[in-house]
Amino acid sequence: MASVAGPVSVFFGGMPLSVAGAVCGAIALRRFGRLAAEGSELSTAAARLMRSSVIGLIVCVVAFALNAYSFFTVLPEVLQMMESGELDLSVESGVGSASGQSATWG
């Protein structure tokens with residue numbers, strides 16, 4: 001989960017998805033660490049999966065940092081546009097909005 005959530009969160013999902021991936025990576029790291037320390041027949045596979053979960057956790061933390069940086073860089077510009085009236089988030093201001101009455105809705 002963490003290996004996929006980190007890169008995907010840079011483009012879709014943003015900070016919540018990267019946090020979810022980091023939490024999943026941390027949980028996997030803890031559980032695979034226990035299995036690797038037991039010395040059973042699963043310890044070699046658990047050590048490999050633990051390495052993968054560390055990489056996924058690092059990717060999610062980097063993705064969170066990139067998402068946070070872009071959010072806080074763009075936020076002042078968006079707030080300024082909203083205060084000046086340049087940015088209208090109402091439903092009627094869409095690109096495909098029709099002016100006047102349409103034949104469908106009458």
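Okay, a definition to start: a crossing counts as left-handed if the near helix is turned anticlockwise from the far one by less than a right angle, and as right-handed if clockwise. With that in hand, α1 passes α3 in a left-handed crossing.

Some housekeeping. This is a predicted model, so local features need pLDDT of at least 70 and side-chain atom pairs count only at pLDDT 80 or more, while totals for chains, interfaces and linings use all residues. Residues are numbered from 1 along each chain as its sequence is written, and side-chain values use heavy atoms, with hydrogens and water left out.

Helices here are DSSP runs (H or I, at least four residues), and strands are too (E, at least two), numbered from the N terminus. Axes are lines fitted to C-alpha atoms, for helices over the stretch in contact, with angles from 0 to 180 degrees between N-to-C directions.

So how do α1 and α3 run, parallel or antiparallel? Their axes come within 7 Å and cross at roughly 15 degrees. That makes α1 roughly parallel to α3, because angles under 35 degrees count as roughly parallel, over 145 as roughly antiparallel, 65 to 115 as roughly perpendicular and the rest as oblique.

Now bring in α2, residues 14-38. Its axis and that of α1 come within 8 Å and cross at roughly 160 degrees, which means α1 is roughly antiparallel to α2. The α2 and α3 axes also come within 8 Å, crossing at roughly 160 degrees, so α2 is roughly antiparallel to α3. The α1 and α2 crossing is left-handed, and the crossing of α2 and α3 is left-handed.

On to the surface. V4, V8, V10, F11, F12, V54, I58, V62 and L66 form a nonpolar patch with about 860 Å² of accessible area together. The elements giving two or more residues to that patch are α1 (2-11) and α3 (43-84); I58, for one, is found in α3. Patch residues have over 30% relative accessible area and no salt bridge, with like charges joined within 9 Å and nonpolar side chains (Val, Leu, Ile, Met, Phe, Trp, Tyr) within 5 Å. A salt bridge means a Lys or Arg side-chain nitrogen within 4 Å of an Asp or Glu carboxyl oxygen. Areas are Shrake-Rupley with a 1.4 Å probe, and for residues only the protein chains shown count as cover.
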